[in-house]
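Let's take a friendly walk through this protein together, moving from one region to the next. Keep the structure open beside you as you read.

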Amino acid sequence: MKNIFITGIAISFTLLSACTKLDVNVESEYVKENFPTTPDGFIAASGPIYTQLSGGYAVDYWRMQELSTDEAIIPARGGNYVDGGVYAQLHRHSWTKDHTTVKNVWSWAFGGVNTCNRILALFEKAPDSDSKPLAMAEARAMRALYYFYLMDLYGKVPIITTFGNPTPPEQSTREEVFNFIEKELKDVLPLLRRERGQVTYSKPTAWFAFTLLEKMYLNSMVYTGKPRYNEVVAMADSILTGSKYVLDDNYTSIFMPDNGPAIMETIFAIPYDGYVIKGNQFSRFGLHPNLVVKYSLPFRPSIAMSTIGSFYDKFNLTGDVRNNTWLEGPQFNPDGAPIMITTTNKGLNDKYTGSEPTKEIKWQLTFSKTMTLRVDTTMDIGNDELAKASGVRSIKYYPDKNTEPSERNSNNDVPVFRLADVMLMKAEAILRGAAPTAVKGELQDADVLVNKIRTRAHAPLVSGINLSGLLEERAREFAWEAWRRNDMIRFGVFESAWGFKSDANILHRIYPIPVDEITLNPKLVQNPGY
């Protein structure tokens with residue numbers, strides 16, 4: 001799949017290279033003889049839509065969704081990773097309208113919208129062919145996905161469907177954006193493919209559209225103030241009765257460096273390649289330098305990112321394989337030897353007050369779920385060896401021994417939609433009032449659906465699960481998959497305290513519109529509270 005994706009990128013760059021020549025009339029670059037007419041031609045021309053997605057998803061977008069929750073944190077460590085306070089502000093919900101990541105993600109998502117509009121304008125001019133309707137439907141579906149991210153993060157945003165219009169666009173309400181996305185997906189559904197496999201793995205299919213609609217309907221109370229729980233179940237059943245996807249027996253395989261179309265539950269994923277499709281840097285930022293031997297890494301990871309102890313405590317079910325996606329406690333190399341760090345008494349603990357601060361000692365690397373704040377203003381937890389090992393580390397996106405060593409980009413594809421989410425969204429909708437339905441003769445209530453997930457995880461089965469328990473299950477199943485903020489807002493707990501965060505301002509459920517965008521477009525009105 002990655003080879004196909006990379007080939008499409010290469011072709012698309014070739015086709016677009018003429019746009020960099022200042023002495024060429026761009027309007028003349030596409031004429032009747034070279035407009036895309038074949039499947040390969042349309043794939044090549046649509047490549048920028050997907051490179052835009054991969055370029056920002058696993059770093060800036062992921063950080064906005066996850067660092068603002070209890071799932072992930074980047075504390076300062078002895079002055080390192082302060083970076084102007086951007087990570088502390090995400091954690092503490094103290095971001096402002098000029099926050100760097102808030103601006104970057106707005107530009108990334110609207111860059112995706114603009115790219116889709118540009119590609120659609122090209123496709124509209126192309127001669128009719130058997131491939132054209134599908135190509136246009138896929139571009140519209142991807143534009144809908146970008147708009148979903150914008151609606152979820154910023155609320156009221158402009159709806160732009162044309163390319164190159166110099167007139168500043170009007171701002172739409174959140175409900176209007178919701179309705180636009182819904183209509184787009186319903187319009188293109190009959191045209192999208194229903195196959196699953198190598199070719200459709202990273203492309204929008206009918207199953208992609210059903211899943212995105214299910215996600216929207218589940219959050220409809222947040223986005224529009226109107227419950228749509230029966231539609232959640234209907235969208236889920238459209239997928240479950242289609243029989244294209246099944247839960248993979250091995251949970252950890254879903255996120256391994258060699259994952260891909262062979263994963264039978266991934267409905268839509270973003271392919272990453274350490275050398276060509278860059279952007280997966282979970283191992284770069286979220287491990288520890290002394291794990292190089294343990295995972296045969298060709299680079300030294302940083303210690304920046306970890307999770308919060310209270311979130312890690314949710315991984316407490318006996319036998320649950322999802323517990324193994326974290327590193328906590330003493331660490332050992334594959335041969336069983338403890339991972340030892342040579343340091344000094346003071347280097348281990350800079351609060352050491354004994355008589356031998358410079359005495360050389362050896363200390364076994366031990367990750368602790370406890371973080372102790374030392375400098376409140378910068379959210380700094382210190383930089384001695386104990387502080388470096390503070391915070392539980394995630395290996396869900398399993399460390400890749402074939403990571404590209406200079407920029408440290410890994411090869412793990414990142415799933416966006418998977419069957420487990422389809423099931424748990426249906427379970428939640430039933431708990432919120434939708435009627436259980438039968439799929440292939442099996443009546444599926446919330447317990448039945450959750451127990452499918454529990455069985456795969458080798459965790460104890462449930463009986464009488466409630467909404468609180470379902471939120472806990474979603475935390476265990478989808479940790480670090482960029483859904484936690486969305487879940488916490490829907491469950492009304494985004495304002496709770498965790499880690500070093502105490503802010504309870506309900507207005508922070510929506511991010512501010514970047515101040516630069518309002519300067520450029522005076523039709524934009526800032527979100528309340530900013």
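Does Tyr149 count as buried or exposed, and what is its relative accessibility? Bear in mind that this is a predicted model. Tyr149 has a relative accessibility of 1%, so Tyr149 counts as buried, since the cut-off for buried is under 20%.

Now for the aromatic rings. Searching the whole structure turns up 35 aromatic pairs. One of them joins Tyr57 and Tyr149 in a tilted arrangement, with 6.1 Å centre to centre and 50° between the planes. This pair links distant parts of the chain: Tyr57 sits in helix α3 (residues 47-66) and Tyr149 in helix α6, 92 residues apart. Tyr57 counts as buried too, because its relative accessibility is 2%.

Phe110 and Tyr147 form another aromatic pair, this one edge-to-face, at 6.0 Å centre to centre and 90° between the planes. Phe110 belongs to helix α5 (residues 100-125) and Tyr147 to helix α6, so the pair ties together parts that are 37 residues apart in sequence. Both Phe110 and Tyr147 are buried.

Let's move on to helix α7. This helix runs over residues 174-188, and its 15 residues should span 21 Å at 1.5 Å a residue; the end C-alpha atoms are 22 Å apart, which agrees. Among the buried residues of α7 are Val177, Phe178, Phe180, Ile181 and Leu185, along with the charged residues Arg174, Glu182 and Glu184. The cover over the buried residues of α7 includes α6 (132-154), α8 (206-218) and α9 (220-223).

What is the nearest side chain of opposite charge to Arg174? That side chain is Asp152, 4.7 Å away, and Arg174 is buried yet has no salt bridge; a salt bridge would need the charged atoms within 4 Å. A polar atom of the Arg174 side chain does lie 3.0 Å from the backbone oxygen of Met151. Setting aside residues up to four places away in sequence, Arg174 touches Met151, Asp152, Gly155, Lys156, Val222, Tyr223 and Ile510.

Our last stop is Phe417, in strand β8 (residues 414-418). Phe417 is buried, with a relative accessible area of 0%. Apart from neighbours within four places in sequence, the contacts of Phe417 include Leu145, Phe208, Thr211, Leu212, Glu265, Ile267, Phe268 and Trp483.

Key. Residues are numbered from 1 along each chain as its sequence is written. This is a predicted model: local features need pLDDT of at least 70, side-chain atom pairs count only at pLDDT 80 or more; totals for chains, interfaces and linings use all residues. Side-chain values use heavy atoms; hydrogens and water are left out. Helices (H or I, at least four residues) and strands (E, at least two) are DSSP runs, numbered from the N terminus. The expected span of a helix is 1.5 Å times one less than its number of residues. Buried means under 20% relative accessible area, exposed over 50%, partly exposed in between (1.4 Å probe, protein chains only). Contact means heavy atoms within 4.5 Å. A polar contact is a pair of N or O atoms within 3.5 Å; within protein, one must be able to donate a hydrogen and the other to accept it, and residues adjacent in sequence count only if both atoms are side-chain atoms. Rings of Phe, Tyr and Trp (its six-membered ring) pair if their centres lie within 6.5 Å; planes under 30 degrees apart count as stacked, over 60 as edge-to-face and the rest as tilted.
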